[in-house]
Amino acid sequence: MIIFGGSSCQTLSKEIADGLGAEFGQVTIKKFPDGERFLRVDSEVKGKDVAVVQSICKPHDENLVELLFLLDTLRDMDTGKITTVVPYYGYGRQDKRFNKGEVISSKTIAKHIQMNSDEFCTVNVHEKHIMDFFDIPSKDLDASPLLGEYFAICELESPFVIAPDKGALPLAQGISKVLKCDSDYLEKTRIKPGKVETHPKSFDVEGKDVIVVDDIIDSGGTILEAIKIIQKQNAGSIHVGCVHPILTGNVITWLFGNGATDVVATNTINSQISFITVSSLIIDALTL
Ligand code: R5P
């Protein structure tokens with residue numbers, strides 16, 4: 001198998017290729033002076049199975065176009081099986097038609113990916129039903145055990161895991177399973193993008209090291225609301241984890257400034273807090 005990495009996932013895809021003992025695919029990616037993207041596959045791929053790793057993260061549209069160009073080109077070059085790996089499936093939050101005439105972005109993207117893919121996998125997709133947009137064999141990999149292993153080596157005092165909304169509860173449970181501790185969740189209402197309201201709730205966290213975990217940290221508003229509620233309950237310390245660090249603006253400084261002891265994420269998106277690699281998850285998915 002040959003592993004190709006798009007611009008957003010160069011380090012991760014190389015790690016996957018090395019872990020598999022597979023060839024790392026050579027691609028030339030450039031921009032024309034007007035900003036249009038040029039791409040050329042330099043490896044010999046005829047008849048070989050390939051995997052393409054690319055997150056749909058900032059700059060979303062450029063990374064998406066690059067992925068679609070790469071898949072279409074590989075198909076034209078008569079490869080064997082094409083597996084598309086999208087560690088962060090951007091546009092996942094536009095997963096239904098909230099108002100008449102709106103695009104269901106995550107469905108449109110699925111349609112275009114599967115035109116030139118035989119298999120698909122992603123990591124902690126924002127809404128499970130997005131996987132139903134795919135008609136090809138698809139896997140939604142779960143990074144929560146990897147987050148759990150990270151926190152296990154932090155030797156926390158009586159850890160307790162809290163999800164800032166019900167949607168993140170399975171992640172919290174995945175971590176608490178590794179740490180053999182309790183988990184719970186808060187109820188959140190989104191007022192508008194970047195503005196949420198979280199309903200107060202009491203937890204048994206006095207003196208305990210609390211982990212707050214979400215799938216995405218974007219503006220940080222969701223995590224911050226949770227931190228405020230937990231701080232009032234005299235937790236020993238508050239550690240923050242997420243799978244996909246979108247991190248809009250100065251969110252890390254903001255979280256540290258408001259009581260977080262530690263903020264950590266996986267490398268589905270490259271960031272200054274992407275200390276946990278999902279390469280082992282993807283390697284397993286490609287080999288099973
Ligand atoms: C929303 O349902 C997601 O699970 C996250 O809670 C959300 O995307 C985080 O966004 P923010 O950091 O802007 O509150």
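How many cavities of 30 Å³ or more does the count come to? The count comes to one cavity. Before we look at it, note that this is a predicted model, in which local features need pLDDT of at least 70 and side-chain atom pairs count only at pLDDT 80 or more, while totals for chains, interfaces and linings use all residues. Residues are numbered from 1 along each chain as its sequence is written, and side-chain values use heavy atoms, with hydrogens and water left out.

Rolling a probe the size of a water molecule over the atoms shows where empty space is left. On a 1 Å grid over the protein atoms alone, a cavity is a set of points where a 1.4 Å probe fits but cannot get out; lining residues have an atom within 4 Å of a point. The largest cavity has a volume of about 40 Å³, where volume is the space filled by probe spheres set on the points, and points are joined across faces, edges and corners. Its lining includes Tyr88, Tyr89, His126 and His244. By class, that lining has five nonpolar, three polar and no charged residues. Here Ala, Val, Leu, Ile, Met, Phe, Trp, Tyr, Cys and Pro count as nonpolar, Asp, Glu, Lys and Arg as charged, and the others, Gly among them, as polar.

**The largest pocket**

A pocket is an open set of points with protein on both sides within 12 Å along at least five of seven lines. The largest pocket holds about 1,300 Å³ of space and is lined by 44 residues, with Arg93, His126, Glu127, Asp215 and Ile216 nearest its centre. Its lining has 14 nonpolar, 15 polar and 15 charged residues.

**The ligand and its shell**

Where is the ligand? The space it takes is the largest pocket; a molecule sits in a pocket if more than half of its atoms lie within 2 Å of the pocket's grid points. The ligand is surrounded by 14 residues, each with a heavy atom within 4 Å of it. Strand S13 (209-217) gives the largest share, four residues.

An oxygen atom of the ligand is 2.5 Å from a side-chain N or O atom of Thr222. For Ser219, the distance from a side-chain N or O atom to a ligand oxygen is 2.6 Å, and a polar side-chain atom of Lys188 lies 3.0 Å from a ligand oxygen. The protein covers 90% of the 380 Å² of accessible area that the ligand has on its own, by the Shrake-Rupley method with a 1.4 Å probe.

**Two backbone details**

Most residues other than glycine have a negative phi, and most peptide bonds are trans. The bond from Lys58 to Pro59, however, is cis, with omega near -5 degrees. Asp78 has a positive phi, near 60 degrees.

Notes:
A polar contact is a pair of N or O atoms within 3.5 Å; within protein, one must be able to donate a hydrogen and the other to accept it, and residues adjacent in sequence count only if both atoms are side-chain atoms. Helices (H or I, at least four residues) and strands (E, at least two) are DSSP runs, numbered from the N terminus.
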